[in-house]
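Here is a briefing on one protein chain. Read it with the structure open. It starts with a cut-off, then goes from the overall fold to single residues.

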Amino acid sequence: MIQLTQGGAYLLNGTEIVSDGADAAAQIKNKTGREVSRSDAAKNTIAYGILEKHNTSGNMEKLKIKFDKLTSHDITFVGIIQTARASGLTKFPIPYVLTNCHNSLCAVGGTINEDDHMFGLTCAKRYGGVYVPPHQAVIHQYAREMLAGGGRMILGSDSHTRYGALGTMAMGEGGPELVKQLLSQTYDINMPGVVGVYLTGEPVKGVGPQDVALAIIGAVFDNGYVKNKVMEFVGPGVSALSADFRIGIDVMTTETTCLSSIWRTDDEVRNFYEIHGRTEEYQELNPGEIAYYDGMITVDLSKIRPMIAMPFHPSNTYTIDEVNANLKDVLHDVEERAKVSLDGAVPYSLQDKVKNGKFMVDQGIIAGCAGGGFENICAAADILRGSYIGADGFTLSVYPASMPVYMELIKNGCAAAILETGAVLKTAFCGPCFGAGDTPANNAFSIRHSTRNFPNREGSKLQNGQISSVALMDARSIAATAANKGVLTPATEFDGEIGKYRYHFDANIYKNRVFDSKGVADESVEIQFGPNIKDWPAMGALPENLVLRVVSEIHDPVTTTDELIPSGETSSYRSNPLGLAEFTLSRKDPEYVGRAKDIQKAEKARMQGEHPCQAHPDVKPVMGVIKKTCESASHENTGFGSTIFAVKPGDGSAREQAASCQKVLGGWANIANEYATKRYRSNLINWGMLPFLIEKGELPFHNLDYLFFPGIRKAVEEKAEKIEAYRVSVQEETLTPFTLTLGELTDEERQIILKGCLINYNRVD
């Protein structure tokens, strides 16, 4: 079904794979009559060509990328614009689209959500942007319909910014990276590796894009095969897939931890642009005659079967047939994983879902950038047609990804077919993907064609004794399960017809409702603020030395951004840095906030010119031990704050608040064995936090210990390969040394850390 090469591979004429090895050059010459070096062949990938076009450094090993367009939604654009405004923003230099698809229900916190929306509208007018009102489209569907273009690059402040199927290399990053683009700065990365995804065959009836995506995620997540690389989809199997099908696979590449994605394009993609009235944006993209990839994933589409990602990660994958045939073993495995993911906070069992030997589901959701596409919903309608979901506990909700999609479903009768079953059709909304809509009952099990199924991602709260769980599935198998009144059922068991529907895009919906400045800024427009929209608090520069208290110690194999800062209703507070910070790690370590704020008292006192020992009783004895070895250390040149340890933090969302919330609570660093994504590490750096790395093994410190980092500022300035640190024991009056590293940092990143954050780095006084 899916095979991974052990090393690199060459692709000849887009159709033949030659594994990199001792005889690779001879094979290539025999087949093509040409000799080519690995480095030259690597320049023949689609990804290389797009990156080269957008690189401003002149050095393809050290990229400085300028993007063509930007996009954000309503839980990120306020913070981004506020940061850019603090740095002197006067106009959006490139097209910037502000969508409103996350807090669009305006259901929590009084006026604060609509206040954010009005902030976005007035900023679009003042700075020359585009504003998409609530319920019109989810961020990524609007980008597909109106922004994507062949050979283009788009940066978005949402991790599922993926438009590779349309020939657009798109990346999801934390807000500070968008701020840099708004200030005409660059996105700085090393040239990423490029991994080919070679598709053959075609899917059988009942298999959808989520099935293919989950199969790939299951094959590559744990081994890091594509981590921080570009996935390039090639091979004859691409032509067997519609544009919608490709989009459905592409958006889920985020869950592999890859950096971005790109696909070869053909007439299917040309037709997509033609339907949307943007034929000029089409560009045919193919790898060169001999292209080298750093790895190759071969996928036989004909062998993919309906998949399910069981709780609590998109990589925890099985075929639905496997689950049904081995219920006892699979459910036991999920329950064992839950002990780690949930820290034993609540009892968790799925055994009560098995009735008469069948696995019973409580809820179905088809939604968002992954599930809400036209073809997914049409296929679900055909499978549901003539059935009904029943009057028991099972529910089904369907969210078309945009109003144009919704209108076409009404016109072609698919909306009526879905509604007749007892299902509910709702407007474009991302809420089910992050816990702000359709939260199930306690202990309920939800199947969703959405993006993620992390713990509490569906909205339950461990701290309140609640737990429900989500499994990811394709819309087709969700519909088959709904037609079977909640019995887990693969869509391959459906023996009816799944039709092919022609899509007609109605551009008038957007013309009549979306504000588009056409890039013209109007300085006369006054920005509309609400009482919850707050400026970032003052942040100091990196001091000469640091004393950090470890205020959380997490040993889970992976820590998600949802665990670092919860999604759900907390998103309503994302325009208020201090208000949101109160939720930091609340579902993983409820004592974190109190501990971080406690030691922050010392730094606040120091920043105000007071002696920190007057603000915190630990400062004097800790500094007493330090000064026995480091006499030059004093409260004038030594900062105080907090840090956390996590094995592998940052899987999942691009949300910068996973880092900024720690920063506004006095965090100066993270210590990790590795970082799950580039996005999270970049967020730490942009908020002036040190991204420490420590070797795997027994830690030289534990929670609540104090750590001393002498000369840390000098170490950052002088690019020290190793950072010397000490565990401070007041009781034993000792300093126990240990070593960390910071990994590779660009000169700009070092300056951001030294200044204390990106705002300070760019601030216009």
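A residue counts as buried when its relative accessible area is under 20%. Tyr 273 has 0%, so Tyr 273 is buried. The model is predicted. The chain holds 765 residues, and 63% of them are buried.

**Overall fold**
- The chain has 28 helices and 34 strands.
- A compact globule of 765 residues would have a radius of gyration near 27 Å; the chain has 26 Å, so the two agree.
- The C-alpha trace spans about 80 × 65 × 60 Å along its principal axes.
- Take the contacts between residues at least 6 apart in sequence: 76% of them join residues at least 24 apart.

**Surface and charge**
- The accessible surface of the chain is about 27000 Å². Carbon and sulfur atoms account for 47% of that surface.
- There are 75 positive and 92 negative side chains. The centres of these two sets lie 2 Å apart.

**Aromatic pairs**
- Two values describe a pair of aromatic rings: the distance of the centres and the angle of the planes.
- The whole structure contains 19 aromatic pairs.
- Phe 272 and Tyr 273 form one of them, with 6.0 Å centre to centre and 90° between the planes. Edge-to-face requires an angle over 60 degrees, so this pair is edge-to-face.
- Phe 272 has a relative accessible area of 8%, so Phe 272 is buried.
- Tyr 399 and Phe 429 form a tilted pair, at 6.3 Å centre to centre and 50° between the planes.
- Tyr 399 and Phe 429 are both buried.
- Phe 92, Tyr 96 and Tyr 127 are joined into a cluster by ring pairs.

- Cys 414 belongs to helix H16 (residues 414–420). With a relative accessible area of 0%, Cys 414 is buried.
- Leaving out residues up to four places away in sequence, Cys 414 touches Cys 378, Ala 381, Arg 385, Leu 409 and Tyr 501.
- Ser 469 is 55 residues from Cys 414 along the chain, and their C-alpha atoms are separated by 29 Å.
- Ser 729 is part of strand E33 (residues 723–729). Its relative accessible area is 7%, so Ser 729 is buried.

**Backbone geometry**
- Which form does the peptide bond from Pro 311 to Phe 312 take, cis or trans? That bond is cis, with omega near 10°. Phe 312 is in the loop between strand E16 (307–309) and strand E17 (317–319).
- Asn 228 is not a glycine, yet its phi is positive, near 60°. Asn 228 is in the loop between helix H8 (209–220) and strand E12 (230–234). At 31% relative accessibility, Asn 228 is partly exposed.
- Lys 518 also has a positive phi without being a glycine, at about 55°. Its place is the loop between strand E25 (515–516) and strand E26 (545–554). Lys 518 is exposed, with a relative accessible area of 68%.

Note on methods. Residues are numbered from 1 along each chain as its sequence is written. This is a predicted model: local features need pLDDT of at least 70, side-chain atom pairs count only at pLDDT 80 or more; totals for chains, interfaces and linings use all residues. Side-chain values use heavy atoms; hydrogens and water are left out. Helices (H or I, at least four residues) and strands (E, at least two) are DSSP runs, numbered from the N terminus. The radius of gyration is taken over C-alpha atoms; the globule rule is 2.2 Å times the number of residues to the power 0.38. Buried means under 20% relative accessible area, exposed over 50%, partly exposed in between (1.4 Å probe, protein chains only). Contact means heavy atoms within 4.5 Å. Accessible areas come from the Shrake-Rupley method with a 1.4 Å probe; for residues, only the protein chains shown count as cover. Lys and Arg count as positive and Asp and Glu as negative; His and the chain ends are not counted. The place of a charge is taken as NZ of Lys, CZ of Arg, CG of Asp or CD of Glu. Rings of Phe, Tyr and Trp (its six-membered ring) pair if their centres lie within 6.5 Å; planes under 30 degrees apart count as stacked, over 60 as edge-to-face and the rest as tilted.
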